[in-house]
Amino acid sequence: QVQLVESGGGLVQLGGSLRLSCAASGIIFSIYAMGWYRQAPGKERELVAAITSGSNTNYADSVKGRFTISRDNAKKTVYLQMNSLKPEDTAVYSCNARHLMVAGYDYWGQGTQVTVSS
């Protein structure tokens, strides 16, 4: 059974930092691309950051220079380091695992709330 377990969400003040973690089980982690998505009330879900099995990364323009995605294949965990947080970053953040070569291997975590107060 595939499981993605997220942690690290919470309430922080403007300018603060937070690190999200997503621990995977039930997949060959090293061959999956991993991503962080977020959805704020009244808005569409958007890709925040992604990292491939080869550790290539991409970021939404709104978080470039502030957020960093990384992965630890030995721990089967992907991280999102969030610095210089803004109220606009407030959202439910979800972890995604996707096999880029085979259709149907696409999994999601439960989501974790990040709230940034001004």
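Threonine 68 stands opposite glutamine 81, a residue of strand 8. The structure is a predicted model, in which local features need pLDDT of at least 70, side-chain atom pairs count only at pLDDT 80 or more, and totals for chains, interfaces and linings use all residues. Residues are numbered from 1 along each chain as its sequence is written, and side-chain values use heavy atoms, with hydrogens and water left out.

The chain has eleven strands and zero helices. Helices (H or I, at least four residues) and strands (E, at least two) are DSSP runs, numbered from the N terminus. Read from the N terminus, the order of elements is β-β-β-β-β-β-β-β-β-β-β. The C-alpha trace spans about 40 × 25 × 25 Å along its principal axes. The radius of gyration of the chain is 14 Å, which agrees with the value near 13 Å that a compact globule of 118 residues would have. This radius is taken over C-alpha atoms, and the globule rule is 2.2 Å times the number of residues to the power 0.38.

Of the 118 residues, 40% count as buried. Buried means under 20% relative accessible area, exposed means over 50%, and partly exposed lies in between (1.4 Å probe, protein chains only). The chain exposes about 6400 Å², and carbon and sulfur atoms supply 49% of this area. Accessible areas come from the Shrake-Rupley method with a 1.4 Å probe; for residues, only the protein chains shown count as cover. Among contacts (heavy atoms within 4.5 Å) with a separation of 6 or more, 54% are accounted for by residues 24 or more positions apart. The chain carries 11 positive and 8 negative charges, whose mean positions are 5 Å apart. Lys and Arg count as positive and Asp and Glu as negative, while His and the chain ends are not counted. The place of a charge is taken as NZ of Lys, CZ of Arg, CG of Asp or CD of Glu.

Strand 8, residues 77–82, is mostly covered, with five of its six residues buried.

Leucine 4 stands opposite alanine 24 of strand 3, and the bridge partner of serine 7 in strand 3 is serine 21. The covered face of strand 1 holds Leu4 and Glu6, whereas Gln3, Val5 and Ser7 form the uncovered one.

Several loop residues were also examined. Isoleucine 31 is placed in the loop between strand 3 and strand 4 and is partly exposed, with a relative accessible area of 40%. Not counting residues up to four places away in sequence, isoleucine 31 touches Ser53 and His99. The C-alpha atoms of isoleucine 31 and threonine 52 are 8.2 Å apart, and the two residues are 21 residues apart in sequence. Proline 41 lies in the loop between strand 4 (33–39) and strand 5 (46–51). With a relative accessibility of 76%, proline 41 counts as exposed. Proline 41 and alanine 91 are 50 residues apart along the chain, and their C-alpha atoms are separated by 7.3 Å.

Most residues other than glycine have a negative phi. Serine 55, in the loop between strand 5 and strand 6 (57–59), has a positive phi near 70°. Serine 55 is partly exposed, at a relative accessible area of 43%. Serine 84 also has a positive phi, near 50°, and lies in the loop between strand 8 and strand 9 (91–98). At 41% relative accessibility, serine 84 counts as partly exposed.

How values were computed
Two strands pair if DSSP finds at least two bridges between them.
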